[in-house]
Each structure stands twice: as structure tokens, then as C-alpha cells.
Amino acid sequence: MSLFPRPLSQATVALRTLAPASKAPWIAFLPHIQHRTLGIPPQYLLDDYTPRYNLLTSIEAAQKRSQAYAHLSNCNLCPRRCGVNRYKTTGVCLIGAETAKVNVIAPHRGEEPCIQGFHGSGSVFFSGCNLRCVFCQNHDIAHQRNGFDLTPEELAEWYLKLQDTGNVHNINLVTPEHVVPQVALSILAARDMGLRIPIVYNTSSFDSLESLDLLDGLVDIYLPDFKVWNTSTSKRLLKAEDYAETARESIKAMHAQVGDLSFTSDGIAQRGVLLRHLVMPGLEGEGREIMRWLAGNVSRDLYVHIMEQYHPDAHVGKKRRVTTRRRKIVEGRGGDAEEEKVEEEVRYAEINRAVRDEELGSVRDAAVEAGLWRFCGVNEKGMFHL
Ligand code: SF4
């Protein structure tokens with residue numbers, strides 16, 4: 001019987017190159033594949049990894065807990081800076097203090113290969129958001145706050161289930177900016193219960209420095225999205241004028257904590273920053289600015305995922321009735337009257353289309369010209385860049 005009854009697809013080969021030889025003994029028979037596992041640049045290859053939360057002393061952990069409670073009683077956790085006591089009321093994000101609202105908890109296979117690995121990323125999708133992106137692709141979760149309420153201890157129990165039953169590679173906290181204290185408390189509770197996999201903080205980058213300070217020592221991988229560059233664009237499309245300024249500050253702070261993305265020899269990311277940018281229709285100029293800024297101000301060795309999957313969603317492309325009225329002279333009646341015109345208008349028409357290849361290409365070219373070189377994507381040899 002042949003060792004391989006049918007040829008491996010390119011994608012299968014790419015995935016299997018991520019398998020450690022100890023878990024896949026057949027890999028030893030494939031010298032070309034084994035050679036590919038050496039594709040991780042040595043400076044980003046870790047022998048082993050212990051999550052940062054397991055290195056905190058008990059005094060440091062206690063300090064983090066009291067920091068978290070203090071934030072909830074005077075919430076300036078995100079740039080909205082509501083200053084409310086969340087035990088008594090809510091701010092812009094509409095989420096209180098005792099619990100976090102969660103929509104879905106599950107192993108997720110829709111992330112980058114180095115995050116989802118073989119068994120998936122243990123994703124926790126939080127409901128609510130501190131941005132109001134008009135094109136949000138998770139708007140039922142982010143804007144409508146569907147979901148169930150979990151205390152930090154209940155969240156911690158779910159992390160353990162994901163680790164022990166789901167066998168996932170990490171705990172991936174998706175849209176957690178407005179529930180950082182609850183998240184910090186849940187990580188500390190989970191560490192006492194035996195959690196031992198890295199924490200991924202999957203954020204829009206609309207985080208305050210105080211919030212990132214609370215997360216320092218608890219998060220292993222930051223997965224920030226840098227969405228748009230211009231103030232007028234963020235005001236119109238994200239409903240946050242100070243978005244780009246905040247994102248610049250917070251991405252620098254994240255990188256100062258954990259550095260460039262590093263992997264163990266199985267190709268799974270363990271620590272560092274993985275920066276995402278979703279190229280938007282007609283906004284490729286802003287994408288190019290973002291790439292230049294990242295290379296010049298964060299790191300040329302930053303691991304970057306330039307994403308192409310934009311599609312119109314949420315409010316984009318929806319029809320809206322617009323009524324215009326004007327005065328007009330009515331001949332022979334000695335006066336004037338009001339004329340009413342009702343028209344249908346497409347909302348946010350400028351981003352109501354898919355992204356073109358040339359727009360994507362121009363952002364990629366700008367990234368390379370700026371000196372960035374670590375990109376998430378399939379390379380010319382059929383494996384993923386590490
Ligand atoms: S996390 Fe919520 S309550 Fe706190 S500042 Fe941001 S929007 Fe306001």
C-alpha cells in the first residue's frame with residue numbers, strides 16, 4: 001500500500017508543515033516538508049513558552065485584582081472616558097461591572113494559521129463594543145449586545161473547558177476593550193484553576209493606556225486591528241474622531257510589552273504582536289499611511305496581516321428615504337407653496353463594494369517599500385510565512 005494514497009493538496013502540505021515531528025512521525029519520511037518547518041527565523045523561534053500570567057508573583061496578581069476593581073468604580077478604560085461607576089450605572093458601552101456579556105465561546109478555525117493551529121483558537125466573542133463601525137461584520141454581537149452574562153469565575157471555567165476538552169492552542173478574547181477588568185479577573189482566576197495556554201487579546205486598538213497597563217503581564221499575544229488613518233474617516237465610519245491617534249499610542253504600548261511575534265517549532269504563535277489591517281474600498285491611501293507608520297514607529301519586523309475580506313455589512317448599502325422641501329412660486333394664485341421630493345439614497349455608498357485587486361496591491365507594495373517583511377499569507381513555496 002502506498003504511504004500516501006492520493007497527492008496532498010498545497011493547503012494540506014502547508015498545514016502539515018505546522019505539525020511537530022513528535023506528533024506526526026510520518027513527517028520524517030518527507031525531507032522537503034521537514035526542511036520547511038525550519039522556515040521560522042531563528043530570532044523568533046522559542047524552545048518552550050510559559051504564559052506571562054503564570055510568571056506573576058502572588059503579590060503582583062493581588063495588585064492586578066485591586067487595579068481591576070478600581071477601574072470599574074471610575075471607568076476610564078477606553079478613550080470614551082465615561083468616568084462612571086459601573087457598579088451603579090453604565091457608560092457608552094452599556095456593560096456593567098459584575099459580569100461580561102458573551103455571545104459565543106468555541107474553538108475557532110477562522111483565524112491566522114499560527115493562531116488557529118490544528119485544533120482551533122479558543123475564542124470568546126464578547127457582546128457590545130466601544131466603537132460603532134458602520135460596516136461592522138459582527139454587528140449583531142457588537143451593536144445589539146446579544147448574549148449571556150458571565151462572571152469572571154464563570155469565564156475562567158470556560159477557558160479551562162476550551163483548554164482541556166477543546167485542546168485549543170490559546171484563549172482568544174475577541175472585542176474585549178470594554179470589559180478589560182472582568183477579563184483581567186478571569187485570567188487570574190483561570191491561572192489558579194490550571195490554565196497554561198497563551199492569552200490572545202483581539203482588539204480594534206481603541207484601548208486606553210490605563211487599560212493596557214492592567215493587561216501587562218496577563219496577555220501573551222496582542223492582535224490589534226489598525227482600521228483607518230484619517231480623523232474625518234474615523235469620525236464618519238467608526239464614530240470615533242480620535243481613533244487613529246489612540247490606535248497609534250496603544251499599538252506602540254502593546255509592542256513595548258510583548259515585542260515581535262514569536263513561535264514554538266510547531267509554528268504556533270506564543271508571544272508578540274500580530275497586526276491586522278483590513279483594506280477598505282477607496283481607502284487604500286490610508287492603508288499605505290498605516291504601513292509606513294508601522295515600519296517607521298513600531299518595528300520593521302512586525303508580523304502583519306493585510307486582509308482582503310471586506311464586504312459591505314451593517315449600515316452600508318442600506319436604503320434611506322430622504323425628503324427635501326423647497327418653496328416654489330405658484331403662478332396665478334398670488335403666493336407660494338411647498339414642494340416635497342422623496343428620494344431613496346444608499347447609505348455609505350462610497351464603501352458599498354468589494355475591494356479591488358489594485359487597491360490591495362498598493363497597500364502591500366507600500367508595506368514592502370517601507371521595509372516590512374513578515375506577512376501572513378501563503379508564500380511562493382506553498383507554506384505560510386512565519
Ligand atoms: S469601557 Fe465603557 S464605561 Fe468605560 S470608558 Fe469605555 S465606554 Fe465608557
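Modeller: A crossing is right-handed if the near helix is turned clockwise from the far one by less than a right angle, and left-handed if the turn is anticlockwise. This model is a predicted one, and in it α11 passes α12 in a right-handed crossing.

Biologist: Why are α11 and α12 called roughly parallel to each other?

Modeller: Helix α11 (residues 284–297) and helix α12 (residues 357–370) pack at an angle of about 20°. Angles under 35 degrees count as roughly parallel, and α11 and α12 are therefore given that description. Their axes are 8 Å apart.

Biologist: Which residues of α11 and α12 meet?

Modeller: From α11 they are Glu284, Gly287, Arg288, Met291, Arg292, Ala295 and Gly296, and from α12 they are Glu359, Ser362, Val363, Ala366, Ala367 and Ala370. In this contact of α11 with α12, six residues are nonpolar, three are polar and four are charged.

Biologist: What makes α3 roughly antiparallel to α7?

Modeller: The axes of helix α3 (residues 58–73) and helix α7 (residues 180–193) cross at roughly 155° and come within 9 Å. The cut-off for roughly antiparallel is an angle over 145 degrees, so α3 is roughly antiparallel to α7. Here α3 passes α7 in a left-handed crossing. On the α3 side the contact is made by Ala61, Lys64, Arg65, Ala68, His71 and Leu72, and on the α7 side by Pro181, Ala184, Leu185 and Leu188. Seven residues of the contact of α3 with α7 are nonpolar, one is polar and two are charged.

Biologist: Why is alanine 314 called partly exposed?

Modeller: Alanine 314 has 19 other C-beta atoms within 10 Å. A residue is buried at 20 or more and exposed at 12 or fewer, so alanine 314, with 19, is partly exposed. Alanine 314 is found in the loop between β10 (303–307) and β11 (319–330).

Biologist: How do you know what alanine 314 touches?

Modeller: Two residues are in contact if their C-beta atoms lie within 7 Å. Leaving out residues up to four places away in sequence, alanine 314 touches Val134, Phe135, Cys136 and His139. Alanine 314 and histidine 139 are 175 residues apart in sequence, yet their C-alpha atoms are 6.1 Å apart.

Biologist: Which residues come nearest the ligand?

Modeller: They are Cys75, Cys78, Cys82, Gly91 and Cys93, out of 13 residues around the ligand. The shell divides into seven nonpolar, four polar and two charged residues.

Biologist: What share of the chain is buried?

Modeller: Buried residues make up 44% of the 386 residues. The chain has 12 helices and 13 strands.

Notes: Residues are numbered from 1 along each chain as its sequence is written. This is a predicted model: local features need pLDDT of at least 70, side-chain atom pairs count only at pLDDT 80 or more; totals for chains, interfaces and linings use all residues. A residue is near a molecule or strand if its C-beta atom, placed from the backbone, lies within 6 Å of it. Ala, Val, Leu, Ile, Met, Phe, Trp, Tyr, Cys and Pro count as nonpolar, Asp, Glu, Lys and Arg as charged, and the others, Gly among them, as polar. Axes are lines fitted to C-alpha atoms, for helices over the stretch in contact, and angles run from 0 to 180 degrees between N-to-C directions. Helices (H or I, at least four residues) and strands (E, at least two) are DSSP runs, numbered from the N terminus. Angles under 35 degrees count as roughly parallel, over 145 as roughly antiparallel, 65 to 115 as roughly perpendicular and the rest as oblique.
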